[in-house]
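Please keep the sequence and the model in view while reading.

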Amino acid sequence: MYFNWKDKTNIDELKVICNLIKNSEIIIFPTETVYGIGANAFDSAAVGKIFLAKGRQSDNPLIVHLSDKSKIEEVAEDVTEVEQKLIDAFMPGPFTIILKKKPVIPDIVTAGLDTVAIRIPSNIIARGIITYAGVPIAAPSANISGKPSGTNIEDIRKELEGRVSAIIDGGKTEIGLESTVVRVIDGVPVILRPGKITPEEIRAVVGTVRIDDKAFKRLNDDETPLSPGMKYRHYAPTTKCKLVYADNEAEQVFQMKKLVKEYKGNVVVLGFDEHEEKIVVSQGRYIRIGSKENLEEIAQNIYTALRKADTIKADIILIEGIKKYGIGVAIMNRLLRTCEYDYIEVLDCD
């Protein structure tokens with residue numbers, strides 16, 4: 001079933017969606033970050049369908065989405081003062097916090113961990129579904145595991161239709177990147193997965209923050225991910241990708257042009273609007289991801305751009321990197337995993 005809620009939520013269709021959730025079915029729904037594929041978080045059988053639909057590894061935990069803060073005590077316990085400050089500051093919104101879980105949350109949701117990742121989306125459709133269904137929704141991003149996340153239905157409908165019971169189209173997502181995931185360790189918020197909520201914003205609330213070393217590294221095969229998006233190949237098209245970043249803009253353009261020549265032009269470039277005339281490739285092979293001065297625009301566009309680039313069937317997709325500040329930290333986290341850590345970095349070029 002497909003429901004178009006771009007303009008408004010249909011109450012009769014909302015009842016259908018809620019009945020599906022109550023009957024162990026899975027749905028695709030919009031949030032402010034990316035689209036999710038969700039099920040009743042209390043229902044192990046339903047959650048199992050998510051893993052099957054996505055082809056997701058069972059040791060990759062899911063995020064539990066709640067309708068409001070009052071519901072946190074139903075699924076988590078022993079919330080500390082620092083954790084409560086973060087909850088009050090950033091929820092609802094693109095922020096996930098890892099808390100000690102209550103037994104009511106099945107192990108399949110948390111990959112057997114004694115913690116649970118909690119988020120309260122700000123998207124009105126997502127919160128409406130969770131509220132009227134009366135249960136928390138366990139949901140990863142709506143995509144086949146390893147592929148770029150879905151920021152509009154057109155990108156993901158073909159690959160997931162037939163794997164879910166209903167698809168809700170809420171239009172293009174507002175942010176375009178998954179939520180910031182934080183775990184408080186010894187009183188210090190540790191960012192396991194960067195997102196829209198930046199280190200600077202977190203520091204302003206509790207005075208300290210750090211980014212986990214593994215946020216920009218590949219986990220070993222025997223390591224258990226504490227957050228979604230940490231271990232396996234993520235956010236990646238089928239075509240091989242390479243990321244290029246230099247401190248100096250001219251050097252970055254030079255490196256991109258050098259690679260275009262090396263691959264004899266059989267490339268797709270994901271580049272800044274300003275560089276289209278500098279990095280010359282065949283018509284249709286330069287995909288603009290936004291202005292280098294507008295990181296929010298790049299965040300919104302990057303997954304759709306990766307999917308579009310994949311359809312061209314080039315030897316490689318070359319991607320321009322950005323500075324790691326603000327939401328740029330999250331964008332680079334995703335792009336490094338997209339490229340499976342195949343990147344060129346030239347620093348101190350000034």
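Strand β13 (residues 241-246) is mostly covered, as six of its six residues are buried; buried means under 20% relative accessible area, exposed over 50% and partly exposed in between, with a 1.4 Å probe and protein chains only. The model is predicted, so local features need pLDDT of at least 70 and side-chain atom pairs count only at pLDDT 80 or more, while totals for chains, interfaces and linings use all residues. Residues are numbered from 1 along each chain as its sequence is written, and side-chain values use heavy atoms, with hydrogens and water left out. Helices (H or I, at least four residues) and strands (E, at least two) are DSSP runs, numbered from the N terminus.

**Strand β13 and its partners**

- Cys241, Leu243 and Tyr245 point one way from β13, and Lys242, Val244 and Ala246 point the other way; all are buried.
- β13 pairs with strand β16 (residues 316-320) in the parallel sense over four bridges; two strands pair if DSSP finds at least two bridges between them.
- In β16, Leu318 is the residue opposite Lys242.
- β13 also pairs in the parallel sense with strand β17 (residues 343-346), over four bridges.
- In β17, Glu345 is the residue opposite Tyr245.

- Strand β7 (residues 115-119) is largely enclosed by the rest of the structure, because five of its five residues are buried.
- Both faces of β7 are covered, with Thr115, Ala117 and Arg119 buried on one side and Val116 and Ile118 buried on the other.
- Strand β4 (residues 63-65) runs parallel to β7 and is joined to it by three bridges; His65 stands opposite Arg119 of β7.
- Strand β6 (residues 95-101) runs antiparallel to β7 and is joined to it by five bridges; Ile97 has Ile118 of β7 as its bridge partner.

**Helices α4 and α8**

- Helix α4 (residues 81-90) packs against helix α8 (residues 199-206) at an angle of about 120°, with the axes 10 Å apart; axes are lines fitted to C-alpha atoms, for helices over the stretch in contact, and angles run from 0 to 180 degrees between N-to-C directions.
- That angle makes α4 oblique to α8; angles under 35 degrees count as roughly parallel, over 145 as roughly antiparallel, 65 to 115 as roughly perpendicular and the rest as oblique.
- Val82, Lys85, Leu86, Ala89 and Phe90 of α4 make the contact with Glu201, Ile202, Val205 and Val206 of α8; contact means heavy atoms within 4.5 Å.
- The residues of this contact of α4 with α8 comprise seven nonpolar, no polar and two charged; Ala, Val, Leu, Ile, Met, Phe, Trp, Tyr, Cys and Pro count as nonpolar, Asp, Glu, Lys and Arg as charged, and the others, Gly among them, as polar.

**Helices α10 and α11**

- α10 and helix α11 (residues 328-338) pack at an angle of about 20°, with their axes 10 Å apart, and are therefore roughly parallel to each other.
- Leu295, Ile298, Ala299, Ile302, Tyr303 and Leu306 of α10 meet Gly328, Ile331, Arg334, Leu335 and Thr338 of α11.
- The residues of the contact of α10 with α11 divide into eight nonpolar, two polar and one charged.

**Residue Ile298**

- Ile298 lies in helix α10 (residues 295-310) and is buried, with a relative accessible area of 1%.
- Apart from neighbours within four places in sequence, Ile298 is in contact with Phe272, Ile289, Gly290, Ser291, Ile322 and Ile331.
- Ile331 is 33 residues apart from Ile298 along the chain, and their C-alpha atoms are separated by 8.1 Å.
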